[in-house]
Every structure is written in C-alpha cells, then in structure tokens.
Amino acid sequence: MLEALFNPASIAVIGAWQDPKKVGSAVLDNLNKYGFRGGLSPVNPAGDEILGLKAYVKQADMGKEVSLT
C-alpha cells in the first residue's frame with residue numbers, strides 16, 4: 001500500500017507552472033533535477049509545456065493512470 005507513496009512509477013504534479021516561484025513548479029523541478037526515474041506529468045489549466053514536459057489541463061486528460069498525485 002505504501003509502495004506507491006515511497007516508490008511511485010509515475011507522478012502527476014497538480015498546479016505545476018512555468019513560474020519558478022510557484023510551489024508546483026518547485027516540486028516538478030526538484031523531481032526532475034534530482035533524478036526521479038518515473039513518468040512526470042505536469043497538470044496546469046493552461047496546458048502547453050512546462051520544463052520540457054507536456055502539460056495537461058486536467059489529470060483526466062492524461063489518458064493514463066499515475067501512481068501518485
């Protein structure tokens with residue numbers, strides 16, 4: 001049960017933004033910078049791209065399940 005929390009295969013970062021001062025952006029940047037090896041999916045109302053990753057408007061738009069949100 002705790003496997004998904006401590007060793008997730010993929011993470012959706014809700015509230016990821018381009019602005020590095022925003023918490024969601026810092027979380028995404030740290031996961032990326034410190035070598036998270038799973039899938040990273042930023043979720044942002046504007047969609048587009050964040051830190052080189054395709055961003056989704058809603059988690060439901062991803063079309064895939066994630067281990068940790």
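Which residues does Leu40 touch, not counting residues up to four places away in sequence? Leu40 touches Ile11, Leu28, Leu31, Asn32 and Leu53, where contact means heavy atoms within 4.5 Å.

Before the views, a word on the model. This is a predicted model, in which local features need pLDDT of at least 70 and side-chain atom pairs count only at pLDDT 80 or more, while totals for chains, interfaces and linings use all residues. Residues are numbered from 1 along each chain as its sequence is written, and side-chain values use heavy atoms, with hydrogens and water left out.

**View 1. Leu40 and the largest nonpolar core.** Leu40 belongs to the largest nonpolar core, whose seven residues also include Ile11, Val13, Ala16, Leu28, Ile50 and Ala55. Another core, of five residues, lies apart from it, and among its members are Ala12, Val43, Tyr56 and Val66. A nonpolar core here is a set of buried Ala, Val, Leu, Ile, Met, Phe, Trp, Tyr and Cys residues joined through side-chain atoms within 4.5 Å. Buried means under 20% relative accessible area, exposed over 50%, and partly exposed in between (1.4 Å probe, protein chains only).

**View 2. Ser10 in strand E1.** Look for Ser10 in strand E1 (residues 10-14). Helices (H or I, at least four residues) and strands (E, at least two) are DSSP runs, numbered from the N terminus. Ser10 counts as buried because its relative accessibility is 15%. Leaving aside neighbours within four places in sequence, Ser10 is in contact with Phe36, Gly39, Glu65, Val66, Ser67 and Leu68.

View 3. The rule asks for a side-chain nitrogen of Lys or Arg within 4 Å of a carboxyl oxygen of Asp or Glu, and the count comes to one salt bridge. Side chains of opposite charge can pair when their charged atoms come close. Both Lys33 and Asp29 lie in helix H2 (residues 23-33), four residues apart, about one turn of the helix. Lys33 is exposed, with a relative accessible area of 52%, whereas Asp29 is partly exposed at 29%.

**View 4. Ala60 in the segment after strand E4.** Ala60 lies in the segment after strand E4 (53-54). With 68% relative accessibility, Ala60 counts as exposed. Ala60 and Ala9 are 51 residues apart along the chain, and their C-alpha atoms are separated by 18 Å.
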